[in-house]
Amino acid sequence: MHRRAEIIYQPLQHDKLEELLVSSNIQFKDSGNIRKFFLNVDAASSVPIIKEAVFQKATILYSWQFDPRELENAEWFLMESRCGKIDSADDTYTFAYSCAKGVDVFGVEHYHHKRQIAPYCLRRTVKWNNKHNIYSDTNGGTHTFFCSSVAKEAFEQQLGGIEFVPVLSVKDKCPISDVYQICVLHHLPSEAVILPKGVTFEKCPYCGEKRIYFEHAGLDYISLKRGFLDKGIDIYETEDLFGWGFGYPLVVISRKMYLLLTETLRERTLHFTPISAL
């Protein structure tokens with residue numbers, strides 16, 4: 001296991017970073033005026049490059065990378081979406097907001113918390129394909145999942161602890177065919193999660209709700225207490241305590257669900273982090 005940094009920058013605005021990459025013989029992907037490259041954060045040679053990227057305010061995304069043996073031996077995984085193609089609308093219908101922060105310069109009121117109280121609404125239908133049957137939505141974050149009828153049928157036949165909610169058209173609030181929100185039926189309390197070092201705790205100044213921030217962005221290497229896990233349940237959610245902005249849950253799946261997603265459905269839109277149950 002090692003930490004990986006994905007660094008995204010504009011070459012015209014980060015010429016010193018560009019020079020450092022060339023001198024270090026590091027390859028990057030070029031997409032017009034945007035370039036990106038990957039580094040092993042734990043490698044000594046990466047330190048000066050990451051320091052320069054931070055100094056020049058390039059975008060840095062951290063994640064964990066695992067070798068095949070770690071993935072083969074894991075019983076449980078954290079699951080996160082890597083593809084937010086769901087185009088949702090009408091947030092005031094779908095969510096309830098609480099603990100107002102204030103109004104921005106555009107007159108929009110911002111809040112500390114939100115929770116889903118109604119189905120999602122979409123502006124348009126979703127196009128699926130053989131290796132893309134699960135997407136996320138930017139309003140729900142990378143821990144809110146939607147699936148096709150193909151994935152729904154596979155889940156219903158083989159998994160426990162999961163149900164599906166229709167997604168509505170924003171125009172008439174009628175269900176859209178072939179799009180379903182994945183809803184997790186079983187939730188892990190905060191005492192079921194063993195946190196890594198480097199976490200920060202904050203409380204909402206209005207209601208006192210706790211929020212947990214990780215030292216590095218992305219999914220972090222937590223552990224679970226085995227006594228809270230049931231062999232007949234294949235998917236869990238933690239409480240909405242994690243991350244910046246609105247809190248989000250961590251989604252925990254069994255090895256059975258992991259194999260269904262990676263080998264049967266061959267899904268390419270998800271990221272998995274193996275975790276221990278102690």
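**Helix pair H5 and H6**

I looked up how H5 and H6 pack, and found an angle of about 150 degrees with the axes 11 Å apart. Here axes are lines fitted to C-alpha atoms over the stretch in contact, and angles run from 0 to 180 degrees between N-to-C directions. H5 is therefore roughly antiparallel to H6 (angles over 145 degrees count as such). The crossing of H5 past H6 is right-handed, the near helix being turned clockwise from the far one by less than a right angle.

I note that this is a predicted model, where local features need pLDDT of at least 70, side-chain atom pairs count only at pLDDT 80 or more, and totals for chains, interfaces and linings use all residues. Residues are numbered from 1 along each chain as its sequence is written, and side-chain values use heavy atoms, without hydrogens and water.

**Who touches whom**

From H5, I find Ala 154, Phe 155 and Gln 158 meeting Lys 256, Met 257, Leu 260 and Leu 261 of H6 (contact means heavy atoms within 4.5 Å). I sorted the residues of this contact into five nonpolar, one polar and one charged.

I then followed Phe 155: beyond neighbours within four places in sequence, its contacts include Ile 134, Ile 162, Phe 164 and Leu 265.

**The cores**

The largest nonpolar core has 24 residues, and Phe 155, Met 257 and Leu 261 are among those with the most contacts inside it. Core members are buried Ala, Val, Leu, Ile, Met, Phe, Trp, Tyr and Cys joined through side-chain atoms within 4.5 Å, buried being under 20% relative accessible area with a 1.4 Å probe, protein chains only. H6 gives the largest share, four residues.

Terms used
Buried means under 20% relative accessible area, exposed over 50%, partly exposed in between (1.4 Å probe, protein chains only). Helices (H or I, at least four residues) and strands (E, at least two) are DSSP runs, numbered from the N terminus. Angles under 35 degrees count as roughly parallel, over 145 as roughly antiparallel, 65 to 115 as roughly perpendicular and the rest as oblique. Ala, Val, Leu, Ile, Met, Phe, Trp, Tyr, Cys and Pro count as nonpolar, Asp, Glu, Lys and Arg as charged, and the others, Gly among them, as polar.
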